[in-house]
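I opened my notebook to keep track of what I looked up.

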Amino acid sequence: MKTFLLSLLGMTLAATSALQAQFPVPAENEDAGFKQILTQQTLDQWSGDADYWRFEDGVLIGEVTEDKLLEENTFYIWDKEVEDFEFKVEYRVSDEGNSGINYRSETVDGVKYALRGYQADLDGANRWSGQLYEERGREFLAVRGQITHVRKDDTPREIGSVGEEDELAGVVRDGWNEYHLIARGNTLIHMLNGQVMAVVIDDGEQRAMKGLLGVQIHQGPPMKVEFRNMRFKEF
């Protein structure tokens, strides 16, 4: 009997170890492995139009005023090329504001501080927040709530859902919200305040596997967008 019990205990421990290997215990610190990429000490790694961007008390502020309206969207751009990564940032946007976070993007010839590529949308009216839009490219790849597959011909096809669009809109709060982006291979995931908002599997001819990261302020009426606690982790 003793031999049997020891054998059973050994098999149980082996099975437990196998399960732990398959489903590792999450890190106690959700920000483990992330590093702050926008601080007073790292501002020299970023570039943008000083007429519209400023950094105050740990907060990046993009602002369009009545006397300095934009004719083109403008970005504050990190000088590091990103590939497979996770990115977290807190943002706040005015009611009239329209902004986004671009990643795996490229600069635009002839237009200073402009980017072309994947964009995680955010806006004060909360019409677009959470979706994946491709700036100066294929446009809407997944609206809020969609899981899409972008086919070889670069057209997205809905293959699933993470929730109803209007219901997911309620995840976005007044004031500060947190965006969490994951890009791994051809799979792109957008989360807001811990809720998955859109997923894209991009097999299109125009997909991007690496590129620049930057935050946007949109041309249009006077508006303000703020970003803080910007954290980045490479895979």
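Which residue in E16 is the bridge partner of Thr-74? I looked it up, and the partner is Ile-217.

**Before going on**
This is a predicted model, where local features need pLDDT of at least 70 and side-chain atom pairs count only at pLDDT 80 or more, while totals for chains, interfaces and linings use all residues. I number residues from 1 along each chain as its sequence is written, and side-chain values use heavy atoms, with hydrogens and water left out.

**Entry: the sheet**
I followed strand E5 (residues 74-78) and found that 4 bridges join it to strand E16 (residues 212-217), with the two running antiparallel. My note on terms: strands (E, at least two residues) are DSSP runs numbered from the N terminus, and two strands pair if DSSP finds at least two bridges between them. Then I traced the open sheet, which has 7 strands in the order E2-E5-E16-E7-E8-E9-E10, with antiparallel pairing. At the edges I found strand E2 (46-47) and strand E10 (139-142), each pairing on one side only.

**Entry: the core**
Next I checked the largest nonpolar core, and it has 46 residues. Such a core is a set of buried Ala, Val, Leu, Ile, Met, Phe, Trp, Tyr and Cys residues joined through side-chain atoms within 4.5 Å. Phe-87 and Met-230 are among those with the most contacts inside it. Phe-87 touches residues including Phe-34, Ile-101, Tyr-179 and Met-230, if I skip those up to four places away in sequence (contact means heavy atoms within 4.5 Å).

I found Met-230 in strand E17 (residues 223-234). Is Met-230 buried or exposed? It counts as buried because its relative accessibility is 1% (buried is under 20% relative accessible area, exposed over 50%, partly exposed in between, with a 1.4 Å probe and protein chains only). Met-230 and Leu-38 are 192 residues apart in sequence, yet their C-alpha atoms are 6.0 Å apart.

**Entry: Asp-202**
I located Asp-202 in strand E15 (residues 195-202). At 0% relative accessibility, Asp-202 counts as buried too. Its side chain makes a polar contact with the side chain of Tyr-118 at 2.6 Å. (A polar contact is a pair of N or O atoms within 3.5 Å; within protein, one must be able to donate a hydrogen and the other to accept it, and residues adjacent in sequence count only if both atoms are side-chain atoms.)
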